[in-house]
Amino acid sequence: RLFAAYYYTDDPILVVVGVDRALRALRVWRTLTNNLGLIMAIPEKRCLGSWAKWLGVIIVAALGIVIVPKDKILRAMRTITIALGNRLEFSSYRSLCGLLEHFRAVNLSGRNVMHGLYQPHGPDGASRDGPDGIVRCTPLMTKQLQRWARLLTRSSGVSVKRALLRENLEPSAGLWVAACSDACFGD
């Protein structure tokens, strides 16, 4: 593919092959944003080159790898340690769960790595005490957070080849159709 554009809410990335396509993509992008009156991110957040930081990860298209920045790994490890010590506030724990979901997508883990970690979000969990409530780890949460600590030390990135081979991914969702030939279908 010589050109691709991906968007996640307000975070776009354009991938092109060759200088001419890059210049054309920049002109089209600038025309589009100007015509719509969109305010773009500050210059420090913009990237141009053979790699880019997008959605919090570094994508190196030429090598076909996705890398999680070291600061995110360290932040997750530090927060997991605090959670395992039963000293983490619910607001920080909720952010940790979102970060781990993000890592799950990058390292192509199944949903099972998050099993049990949403217990504090329930009516009997730390969420009932508001954002300052302290999360108390259940045995399952402790096991899962320890699992995450091991996983994070081994998986700060992934080759796109793994995704292309569909290794360790859950089966794709099936399509279910319910049909009825009764024109009235009711009273």
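In this predicted model, helix α3 meets helix α4 through Tyr93, Leu96, Leu100, Phe103 and Arg104 on the α3 side and through Met141, Leu145, Trp148 and Leu152 on the α4 side. By class, that contact of α3 with α4 holds 8 nonpolar residues, no polar residues and 1 charged residue. Helix α2 packs with α4 as well, their axes coming within 10 Å, and α2 also packs with α3, with the axes 10 Å apart.

**Helix α3 with helix α4**

- Helix α3 covers residues 90-106 and helix α4 covers residues 139-154, and the two pack at an angle of about 50° with their axes 12 Å apart.
- That angle makes α3 oblique to α4, since an angle counts as roughly parallel when it is under 35 degrees and as roughly perpendicular from 65 to 115 degrees.
- The handedness of the crossing between α3 and α4 is left-handed.

**Helix α2 with helix α4**

- The axes of helix α2, which spans residues 70-84, and of α4 cross at roughly 155°, and α2 and α4 are therefore roughly antiparallel to each other, the cut-off for that description being an angle over 145 degrees.
- Where α2 passes α4, the crossing is left-handed.
- From α2, the contact draws on Ile73, Ala76, Met77, Ile80, Ala83 and Leu84, while α4 contributes Thr142, Leu145, Gln146, Trp148, Ala149, Leu152 and Thr153.
- Sorted by class, the residues in the contact of α2 with α4 comprise 10 nonpolar, 3 polar and no charged residues.
- Leu145, Trp148 and Leu152 of α4 are named in the contact with α2, and these residues of α4 also meet α3.

**Helix α2 with helix α3**

- Helices α2 and α3 pack at an angle of about 135°, and they are therefore oblique to each other.
- The crossing of α2 and α3 is left-handed.
- On the α2 side, Lys72, Ile73, Arg75, Ala76, Thr79 and Ile80 take part, and they meet Ser92, Leu96, Leu99, Leu100, His102 and Phe103 in α3.
- In this contact of α2 with α3 the classes come to 7 nonpolar, 3 polar and 2 charged residues.
- Ile73, Ala76 and Ile80 of α2 belong to this contact with α3, and they are also listed in the contact of α2 with α4.

- Strand β5, residues 65-67, is joined to β6 by 3 bridges, with the two strands running antiparallel, and Val66 has Val158 as its bridge partner in β6.

**Aromatic residues**

- Across the whole structure, a search finds 2 aromatic pairs.
- One of them is formed by Tyr6 and Trp54, a tilted pair with 6.4 Å centre to centre and 45° between the planes.
- This pair links distant parts of the chain, with Tyr6 in strand β1 and Trp54 in strand β3, 48 residues apart.
- Trp29 has its place in helix α1, residues 19-36, and, leaving aside residues up to four places away in sequence, it touches Tyr7, Pro12, Leu14 and Met40.
- Trp29 and Leu14 lie 15 residues apart in sequence, and their C-alpha to C-alpha separation in space is 9.1 Å.

Definitions and conventions. Residues numbered from 1 in each chain as written. Predicted model: local features only at pLDDT ≥ 70, side-chain atom pairs only at ≥ 80, totals over all residues. Heavy atoms only, no water. Axes fitted to C-alpha atoms, helices over the stretch in contact; angles between N-to-C directions. Helix = DSSP H or I, 4+ residues; strand = E, 2+ residues; numbered from the N terminus. Left-handed = near helix turned anticlockwise from the far one by under 90°. Contact = heavy atoms within 4.5 Å. Nonpolar A, V, L, I, M, F, W, Y, C, P; charged D, E, K, R; others polar. Pairing = 2+ DSSP bridges. Phe/Tyr/Trp six-rings, centres within 6.5 Å; stacked < 30°, edge-to-face > 60°.
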